[in-house]
Amino acid sequence: MATAQPKSASVPLLESHRSPVHIEAVTLIVRDLDRVALFYRDVIGLTVLHSTGLRVVLGNDGVALITLIGDKDAPAAPEGAPGLFHTAFLLPERRHLAQWLQTAAQNQWALEGMADHLVSEAFYLSDPEGNGIEIYRDRPRSDWIYDGDKVRMANTRIDVPQLLTLADGDEVGNGYRMPAGARIGHVHLCVNALEPAAAVIARQWGMPVMCNYPGATFFGSGGYHHHIATNVWRTNGGQHREQEQTGLAGVTLAADREHYAKLAGAWKVTGGQVNDTGAILTTLDGLTFNLIQKA
């Protein structure tokens with residue numbers, strides 16, 4: 001059985017990864033492999049773990065997080081098709097977010113947005129081929145506000161000057177390196193409709209709805225605010241994702257032994273393939289998910 005790579009004992013486990021199920025990795029199909037790989041290395045701060053002529057694997061602490069598959073002839077996904085809204089990279093501490101923002105400012109990287117979500121603070125940008133990215137840090141779970149069994153989330157302003165006081169102020173050059181312990185905290189997906197997605201993620205996969213927001217639903221394992229989000233903000237409806245298109249090719253989830261068995265069973269019942277290396281399922285308007293067992 002394939003397993004997620006173990007973390008160093010000296011690296012604290014992120015809030016998102018303490019849950020029975022978490023997001024392990026994302027795979028993207030890109031046309032300009034070299035350019036996109038350099039972006040994830042120098043702007044997002046990942047390390048190249050493996051590279052061939054057609055594939056680059058990048059990660060942190062030796063853990064693979066992003067796999068880029070190069071295909072210069074790949075057809076572009078139609079506008080409004082289901083796919084990736086963003087991959088969200090979770091930094092361990094607020095000072096790490098401040099350091100990344102300082103680096104972004106010094107290098108004039110183009111940001112597309114920012115928000116205090118009450119449970120987290122986040123900055124948004126896109127890679128050179130338009131795949132969305134979030135860089136964020138979590139507030140402690142003890143600071144989250146609940147409305148019944150739901151976590152309260154919002155879009156409010158980040159106090160950027162105050163945040164930057166936590167950065168060290170040193171010149172950082174042209175590159176950035178992700179701090180130890182940083183991982184993918186969640187993925188946000190574009191789907192055709194919210195209710196069918198909820199039927200799959202919450203009811204079949206056992207990841208409860210943690211927050212409802214206009215046009216979006218947030219699902220979490222183990223009480224985390226969300227490991228998967230779905231939205232219909234820019235989908236046209238009725239489209240099906242084709243596997244050879246640019247953009248999202250797959251999302252890998254890692255589950256503990258108990259939840260792996262439950263998820264693999266649920267995936268098999270709904271048409272997924274389960275074997276000695278894990279499980280794979282194509283669902284939610286043609287999106288592909290992979291499942292591995294946590295170490």
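Visitor: Which residues have the most contacts inside the largest nonpolar core?

Guide: In this predicted model, they are Tyr40, Ile44, Leu68, Phe89, Trp100, Trp205 and Leu253, within a core of 66 residues. Trp205 touches Val200, Ile228, Leu253, Leu263, Trp267, Leu281, Thr283 and Phe289, leaving aside residues up to four places away in sequence. Another core, of 16 residues, lies apart from the largest one; among its members are Leu90, Ala122, Met210 and Cys211.

Visitor: What makes Cys211 count as buried?

Guide: Its relative accessible area is 5%. Buried means under 20%, so Cys211 is called buried.

Visitor: Where is Ser221, and is it buried or exposed?

Guide: Ser221 is in the loop between β13 (216-219) and β14 (228-231). Its relative accessibility is 4%, and the limit for buried is under 20%, so Ser221 counts as buried. Not counting residues up to four places away in sequence, Ser221 touches Ser19, Pro20, Val21, Met207 and His227. The side chain of Ser221 reaches the backbone nitrogen of Val21 at 3.1 Å.

Visitor: Why is the pairing of Glu15 and Arg141 called a salt bridge?

Guide: The nitrogen-to-oxygen distance between their side chains is 2.6 Å. The cut-off is 4 Å, so the pair qualifies as a salt bridge. Glu15 lies in the segment before β1 (21-30) and Arg141 in the loop between β8 (132-138) and β9 (146-147), so this pair ties together parts that are 126 residues apart in sequence.

Visitor: What makes Arg18 exposed and Glu15 buried?

Guide: Arg18 has a relative accessible area of 54%, and exposed means over 50%. Glu15 has 15%, which is under the 20% limit for buried. The side chains of Arg18 and Glu15 meet in a salt bridge at 3.0 Å.

Visitor: How many salt bridges does the structure hold?

Guide: The structure holds 14 salt bridges. One of them joins Arg203 and Glu195 at 2.3 Å. Salt bridges that share partners join Glu15, Arg18 and Arg141 into one network.

Note on methods: Residues numbered from 1 in each chain as written. Predicted model: local features only at pLDDT ≥ 70, side-chain atom pairs only at ≥ 80, totals over all residues. Heavy atoms only, no water. Buried < 20%, exposed > 50% of the residue type's maximum accessible area, 1.4 Å probe, protein only. Core = buried A, V, L, I, M, F, W, Y, C linked by side-chain atoms within 4.5 Å. Contact = heavy atoms within 4.5 Å. Helix = DSSP H or I, 4+ residues; strand = E, 2+ residues; numbered from the N terminus. Polar contact = N/O pair within 3.5 Å; in protein donor to acceptor, adjacent residues only side chain to side chain.
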